[in-house]
Amino acid sequence: MTQPVLLVNVVGLTQPLLRHMPNLSALSAQGALAPLAPVFPAVTCSVQSSMVTGLMPNQHGIVGNGWYFRDLGEVLLWRQSNKLVAGEKVWETAAGRFGGYTSANVGWWYAMNASNDVIVTPRPVYHQDGRKSPDCYVVPPELHDILTEKLGTFPLFQYWGPTASITSSRWLVDASIEIIRRYSPTLLTAYIPHLDYDFQRYGPRSPLAIAAAVDVDAALAPLLALAADRGMTTIVVSEYGIAPAHNPVDINRLLRREGYLQVYTQQGREYLDPWTSRAFAVADHQAAHIYVRDDSDMARVAALIKDLDGVDDVLDRNKQQALAIDHPRSGELVAIAEPGAWFTYYYWLDDNRAPEFAPCVDIHRKPGYDPAELLMNPDDRAVKAKAAAALVKKAVGLRYTMGVIALNGAAVGGTHGRLPDSKEDTPVVITSSPNLLAESSVPMPVTAVRDLVLTAHGSRG
């Protein structure tokens, strides 16, 4: 009989946090713990794809949370199709190896069009008048209404943005519990994002970060207990640790000032023009893919970026090979930020000409990652009143704009993406079975998570 496995992704979990997390500490004491070595860039989509395929980014093709789609001429982040991820996924390998195998995916990325038997992933309702309502995409479809009736609508606005909170992680835990009870999958993968929010908002060493760790541990308790009662092997992983941030790096503004990045203007607002830009960057935490149109510009662009305050290194194609990030989707150059620094996506030079989406939570239109979306604009004393007025318009069915996000990254407290610099920002793996994982101070590659799951399936618990 195949041993069932619960694979829980507690984003941002590191070993020092366990002293505030009694349930995960108990799991570690019962089983085993080891540090994890993430891939570069240490961001959600790349690391998760390496965990489930056992491949590096230059093999599975997920070079970040997004990239420049050259054939479309668009920067796109947070795509959801599993077909973007090359390689066989762990549940596909296991289904061919173990009879009667089933899998459930609760919140892990690239879930749509995946081969899991059960899928729950965030997916808003995009209304014809431009409004967006919370919801999720669910397979099988009848499970959608079951979860909504029992748990309420998926709390999208507590999953990302200034109101992101433990509520979304609790919902994902409760959905995982319902799925285990209803379907008894051989593998259930659950994504628990809450540490990511407050660590990036307030910094990973802040009292609010410790409170977030306490909350996550308490939220996980019923899921861990159910897995133990069902005889499941529990594996807890973390994609990355989060380090303190203090230096936002405006890489695209440099390229704009030097004449490489071009914009087009509509109604007085400036929008990135990838078609005519000689070079621009897709900022993604502490990594940035720089797309350079002409080889003749390569050396000059690399030198400009290398001299920018906050930049640690600039990788050409040869240097990208060493970090296994050399893929056709990658930029011709890849920049790595120094410790404490991170890359903004900002490309405008005058805030009055910033694009309409800039002060909003808009993860799909911004041509780069914006952690300021986790915070109400601290420089705007009227920001809460503006948010309240927008909600009134929403309630009566009027169009509204929730323009409450700062146009600078000064308030962001935590970041990630570069490979860990210390134990405090090194992710971990915990197993409930002491025989499954050898205690070690040497980090286990995240690519080994796939085989760890397969080994657990073949064990007797």
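With 461 residues, a compact globule would have a radius of gyration near 23 Å, and the chain agrees with this at 22 Å; the radius is taken over C-alpha atoms, and the globule rule is 2.2 Å times the number of residues to the power 0.38. This is a predicted model, where local features need pLDDT of at least 70 and side-chain atom pairs count only at pLDDT 80 or more, while totals for chains, interfaces and linings use all residues. Residues are numbered from 1 along each chain as its sequence is written, and side-chain values use heavy atoms, with hydrogens and water left out.

**Overall build**

- Along its principal axes, the C-alpha trace spans about 65 × 55 × 40 Å.
- The chain holds 13 helices and 23 strands, which are DSSP runs numbered from the N terminus (helices: H or I, at least four residues; strands: E, at least two).
- Of the 461 residues, 60% count as buried, meaning under 20% relative accessible area, with exposed over 50% and partly exposed in between (1.4 Å probe, protein chains only).
- Contacts are heavy atoms within 4.5 Å; among those between residues at least 6 apart in sequence, 72% join residues at least 24 apart.

**Surface and charge**

- The accessible surface comes to about 18100 Å², and 51% of this belongs to carbon and sulfur atoms; the areas come from the Shrake-Rupley method with a 1.4 Å probe, and for residues only the protein chains shown count as cover.
- There are 40 positive and 47 negative charges, and their mean positions lie 3 Å apart.
- Here Lys and Arg count as positive and Asp and Glu as negative, leaving out His and the chain ends; each charge is placed at NZ of Lys, CZ of Arg, CG of Asp or CD of Glu.

**Two domains**

- Domain 1 covers 5-67 + 78-243 + 419-458, and domain 2 covers 247-412, with bounds from an automatic or database domain assignment.
- Taken over C-alpha atoms, the two domain centres are 27 Å apart.
- Domain 1 gives 32 residues to the contact and domain 2 gives 35.

**Helix 7 up close**

- Eight of the nine residues of helix 7 (residues 194-202) are buried, among them Tyr197, Phe199 and Arg201.
- Those buried residues pack against strand 1 (5-10), helix 6 (166-183), strand 10 (187-192), helix 8 (207-229) and strand 21 (414-415).
- Just after helix 7, Gly203 has a positive phi of about 95 degrees.

**Phe98 in its loop**

- Phe98 sits in the loop between helix 4 (90-97) and strand 5 (103-106).
- Phe98 counts as buried because its relative accessibility is 14%.
- Leaving aside residues up to four places away in sequence, Phe98 touches Thr2, Leu454, His457 and Gly458.
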